[in-house]
Amino acid sequence: AVRLPRMHPSSPELSLLSRRTMIQMGSLGLAGTATSLQAGPDAGRRPETSCIMFFLDGGPSHHETFDPKPQAPQTVRGQFGVIDTAVSGFRICDRLPLLAAEARRFSVVRSLHHGNNSHAPSEHQMLTGRMGTRDGTRRAVIETPSFGSIVSRLRGTRRPGMPAYVGIPWSFHHEYIGSPFGAAAYLGSRHEPFESGHLPASTTDKFTVPVLELQDGLSPPRLQQRQSLLSVLDRFRHQGPVAPAIGQIRDFTRQGMDLLLQQHVRDAFDLSRETSATRQRYGPHEWGQGALLARRLVEAGVTFTLIQCGLRQDWDTHSANFTNLDKFLPRLDRAVATLLSDLADRGMLESTMVMVIGEFGRTPKINKNAGRDHWGDCFSALVAGGGLKMGQVVGESDAIGAHPVDRPVHPQDLFATMYHVLGIDPHTIFTDHQNRPIPVLNHGGPIEELV
């Protein structure tokens, strides 16, 4: 592997830009490390496809979402009911009426399993494709690259100047928000998620991306003047020998300035360009506004968008499961259903895969605190768009939602399906910092019923 010098954001040569801007330049391909790889026969295919992934941090209950058990005992079926969907014979939780109406536009896998009941290893599995080896989410270290980072490395952006991978919301470098397993690991800083910052909780609040904000007193004309001055200095630099690190810093700074001056990047993140009716339709909360932003980013050329729904394991409902889900499910229902409808209306759903996943499901039996505990032996995921076959249920769990009884599906099969849509060969080999060959996926293949 070839290692490029990594610039510290406090370096005086970078003072024209903010610390946060310099840290995030890497996600636009302006800094970082290069990792060698061996590509399979399909590598190099660059379809115009993208992926939006909703990650429900904490582990959502499959009983109260896509695999209800109305015939089970009360201690299993819980307090919520079920409703029919637009697909005959397909029923889901009654707190998801908008998704029920959109059921022809998505499929559900009800037989996912990986068998691990710990947050950190399971989140690692569901955000990287590999089971983690360390417990303790807040202390855990990502061991292999996230999906978004792999997509950034192998597909890149669909439009020059736009990031390939965006995290909504994300504050990877500055404070703990959400899962730590959306990072790039050995792929380097250029493939970290581009951070959106917090989304507004209303449809009228102004939304700005911190990394795209100019420092106080610095206007675009002044930035252009400084860029011109830097160009003059660069001409002197090229007239004589200069340390490679200094050259890297100057190039890094110039490219960072270019980012701040690219209006199409700023426009893509500008929710105020949407009508108030559209913003209201998605919902007055971060998940809805995040889904709307994801649609805008796909339009602008972003390839992979990770929407964090639940910033501190909100879906980890060991107690008050039904009280908490009464708040969360309507928001999720509105955000996802509106996104699917909007993408379809714009002719974008066929080329945009949408996924709704968590790290595991919840126990069949309700505990003494009216909650459900961790359960990795059976859980569900929603899959939509991307040219896949919609309006169906893949797999079946037993009468209490404890184990798959038909068509068990491992998460790696789900992610092989995602890579199939994105035109990425899952057998591509990366070489990590220890020079070990690591394939994108260890095993698994696309889910036949979907492709």
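In helix α10 (residues 286–300), Trp287, Gly288, Ala291 and Arg295 meet Phe328, Arg331, Leu332, Ala335, Leu339, Asp342 and Leu343 of helix α11 (residues 321–345), where contact means heavy atoms within 4.5 Å. By class, this contact of α10 with α11 has 7 nonpolar, 1 polar and 3 charged residues, with Ala, Val, Leu, Ile, Met, Phe, Trp, Tyr, Cys and Pro counted as nonpolar, Asp, Glu, Lys and Arg as charged, and the others, Gly among them, as polar. The model is predicted, so that local features need pLDDT of at least 70 and side-chain atom pairs count only at pLDDT 80 or more, while totals for chains, interfaces and linings use all residues. Residues are numbered from 1 along each chain as its sequence is written, and side-chain values use heavy atoms, with hydrogens and water left out.

Helices (H or I, at least four residues) and strands (E, at least two) are DSSP runs, numbered from the N terminus. The axes of α10 and α11 come within 8 Å and cross at roughly 20 degrees, axes being lines fitted to C-alpha atoms, for helices over the stretch in contact, with angles running from 0 to 180 degrees between N-to-C directions. The two helices α10 and α11 are therefore roughly parallel to each other, a term that applies to angles under 35 degrees.

A further helix pair is formed by α5 (residues 147–154) and α12 (residues 411–422), whose axes come within 12 Å and cross at roughly 30 degrees. The contact is made by Phe147, Ile150 and Val151 of α5 together with Phe415, Met418, Tyr419 and Leu422 of α12, and by class it has 7 nonpolar, no polar and no charged residues. Of the 8 residues of α5, 6 are buried, so this helix is largely enclosed by the rest of the structure; buried means under 20% relative accessible area (1.4 Å probe, protein chains only). The buried residues of α5 pack against several elements, including β2 (50–56), α4 (119–128) and β8 (304–309).

An open sheet of 8 strands has the order β7-β6-β8-β2-β9-β12-β5-β13, with mixed pairing, two strands being paired if DSSP finds at least two bridges between them. Its edge strands are β7 (194–195) and β13 (393–394), each of which pairs on one side only. The pairing of β6 with β7 is parallel and extends over 2 bridges. Helix α12 lies across β2, β5 (106–112), β8, β9 and β12, and runs at about 160 degrees to β9.

Conventions: Buried < 20%, exposed > 50% of the residue type's maximum accessible area, 1.4 Å probe, protein only. Parallel < 35°, antiparallel > 145°, perpendicular 65-115°, else oblique.
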